[in-house]
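Visitor: I have a structure to look over before a discussion this afternoon. Please take me through it.

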Amino acid sequence: MSQKVGVLDVTSADFDVDAYLSSQLKEKNLDELVKEEEEMVSSVRRLDSDVHQLVYENYNKFLTATSTVRKIQDEFNLLDSEMESLSRNMKNISALIGELSGVLGGGREGVAQLGSSYKVVKSLQSIFELPNILQASFDEGKYNDVVRVYLLAQKGLSKYSDIKNIAEIQKKIDQIIAETEKQSQLADFHEIVSKLFLASSDPKDCSIVVRALDRYYRKMSTCKQVVQGVAEVTTMLKTCSQALLRRFAKFRGLELGEALVKGCEGLRQPAASPVGVRHFLFRSAVRRAVEEVLECDSLLSRLLGGETGRKENRHRRATPAPSAADSSRDSLWCERIDFNQQLHFNRASIIGAIVKVLLKSFIESIRLQTYGKFAVEQIQVDCYYLQRGVSPLVADEVIVNSMVDQALSSALKRCVAPELVHPTRLRQICEDKTE
């Protein structure tokens, strides 16, 4: 009995088509057979759709892995060439060392004498530069450094004191040391007098000290207030500039996204069925939004300097196709977008903030509607065109890719039976229309 059940079980390895068909013909009437056929066709289509969706989900991961492997391979090839070059250089150095040892073998004493002469020259050079070093420390009020450097150089000065130029240098140094002693004595005198005044019990002397300290305190307080005022003005300017940049980016992003928001209202369910996939186009609202972002990028480049942000991607990533059932799970792993990060006065920072506000408006407008399968396909085409148009303008393309993924996932969650355009066909549609 169990063997017979296994033969009739479509999921069993022992399944027999003829036996199953014969059993169905005997046990069921025509209506039941038609219903069974419809259920099997529906199951086959559902399995086929799941397979396609799995292929789309892993397409981006496959591209990323391929790019990473290629990059690692290029780096290893470069490293191998550098190692070979280093090996050749080491061999050349070893050969040169051997040749130099043979050439200099007979003149080792001369080399040693040259080394000794070099040390003498360096010592004399330090002595000739000593007056300037001492004078610089003296001008900065670093009297302890003057004395310390002089004591270190005193042995060399006495060693070469019979040289005429060294004797003249010694005179300059003696003058600097004498002035240093005078200034040190004045500083010590000032410290002693201050201690005597502060320790004095005479009311007249105490009043003089109090007035002097009061004047000194007022001058220091004035200087401190000026420094604090400058710091406060600088902080206020930075805060205001950040507020202005954020306000401009938000206003411009909302203005550019207004056309996209209105365009999403025209995709409400039920959507008109197109004649075929080849009739899908990126809509004029999406094209206009990309063109205005490019124009804004050009204006910012002329205003702030630098080149415009157009650059060629290493590979163009097709818009991923997440399944409707897994869209909630995938949204947990989306790149976290910071809309309050600090902006800088350069083109890339400002245009990146504008693009984020634009795409955020697009995502929120999608979340307010429900869509048919053809509307979801149209949104997929729009997302791919937006991604191609604005991702080369921003510093971090991951942000654009993540927000485009969120837009398509939101559309999938709001469609009962979503169907997506194949990535190859999607790329062909956009490239044909942009040429």
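Guide: A word on terms first: helices are DSSP runs of H or I with at least four residues, strands are DSSP runs of E with at least two, and both are numbered from the N terminus. This is a predicted model, in which local features need pLDDT of at least 70 and side-chain atom pairs count only at pLDDT 80 or more, while totals for chains, interfaces and linings use all residues. Residues are numbered from 1 along each chain as its sequence is written, and side-chain values use heavy atoms, with hydrogens and water left out.

Visitor: How many helices and strands are in the protein chain?

Guide: The protein chain has 13 helices and zero strands. Its pattern along the sequence is α-α-α-α-α-α-α-α-α-α-α-α-α.

Visitor: And what share of the residues is buried?

Guide: Of the 435 residues, 29% are buried; that means under 20% relative accessible area, with exposed meaning over 50% and partly exposed in between (1.4 Å probe, protein chains only). The accessible surface of the protein chain is about 29700 Å², and carbon and sulfur atoms hold 57% of that surface. Such areas come from the Shrake-Rupley method with a 1.4 Å probe, and for residues only the protein chains shown count as cover.

Visitor: What about contacts between residues 24 or more positions apart?

Guide: Among contacts in the protein chain with a separation of 6 or more, 79% join residues 24 or more positions apart. Contact here means heavy atoms within 4.5 Å.

Visitor: Let us turn to helix packing. At what angle do H10 and H11 cross?

Guide: Two packed helices are described by the angle between their axes and the distance between the axes. Helix H10 (residues 347-366) and helix H11 (residues 373-390) cross at roughly 175°, and their axes come within 12 Å. The axes are lines fitted to C-alpha atoms, for helices over the stretch in contact, and angles run from 0 to 180 degrees between N-to-C directions. H10 and H11 are therefore roughly antiparallel. On this scale, angles under 35 degrees count as roughly parallel, over 145 as roughly antiparallel, 65 to 115 as roughly perpendicular and the rest as oblique.

Visitor: Which residues meet there?

Guide: From H10, Val 355, Leu 359, Phe 362 and Ile 366 meet Ile 379, Cys 383, Leu 386 and Val 390 of H11. The residues of this contact divide into eight nonpolar, no polar and no charged. Nonpolar covers Ala, Val, Leu, Ile, Met, Phe, Trp, Tyr, Cys and Pro, charged covers Asp, Glu, Lys and Arg, and the others, Gly among them, count as polar.

Visitor: Then H12. Are H10 and H12 roughly parallel or roughly antiparallel?

Guide: The axes of H10 and helix H12 (residues 397-413) lie 9 Å apart at an angle of about 10°, and the two helices are therefore roughly parallel. The residues of H10 that meet H12 include Val 355, Lys 356, Leu 359 and Lys 360, and their counterparts in H12 include Met 403, Gln 406 and Ser 410. By type, the residues of the contact divide into ten nonpolar, two polar and two charged.

Visitor: Where is Asp 396 found?

Guide: Asp 396 is in the loop between H11 and H12. With a relative accessible area of 35%, Asp 396 is partly exposed. The side chain of Asp 396 reaches the backbone nitrogen of Val 398 at 3.1 Å. Asp 396 and Gly 352 are 44 residues apart along the chain, with 8.3 Å between their C-alpha atoms.

Visitor: Back to H10. What does the side chain of Arg 347 make a polar contact with?

Guide: Arg 347, which lies in H10, makes a side-chain polar contact with the side chain of Asp 297 at 2.5 Å. A polar contact is a pair of N or O atoms within 3.5 Å; within protein, one must be able to donate a hydrogen and the other to accept it, and residues adjacent in sequence count only if both atoms are side-chain atoms. The Arg 347 side chain also reaches the backbone oxygen of Leu 393 at 3.2 Å. Arg 347 counts as buried at 12% relative accessibility.

Visitor: And Ser 365, buried or exposed?

Guide: Ser 365, also in H10, is buried at 6% relative accessibility. Its side chain reaches the backbone oxygen of Phe 362 at 2.7 Å. Leaving out residues up to four places away in sequence, Ser 365 touches Val 261, Cys 264 and Tyr 371.

Visitor: Which helix holds Cys 264?

Guide: Cys 264 lies in helix H7 (residues 203-265), and it is buried at a relative accessible area of 0%.
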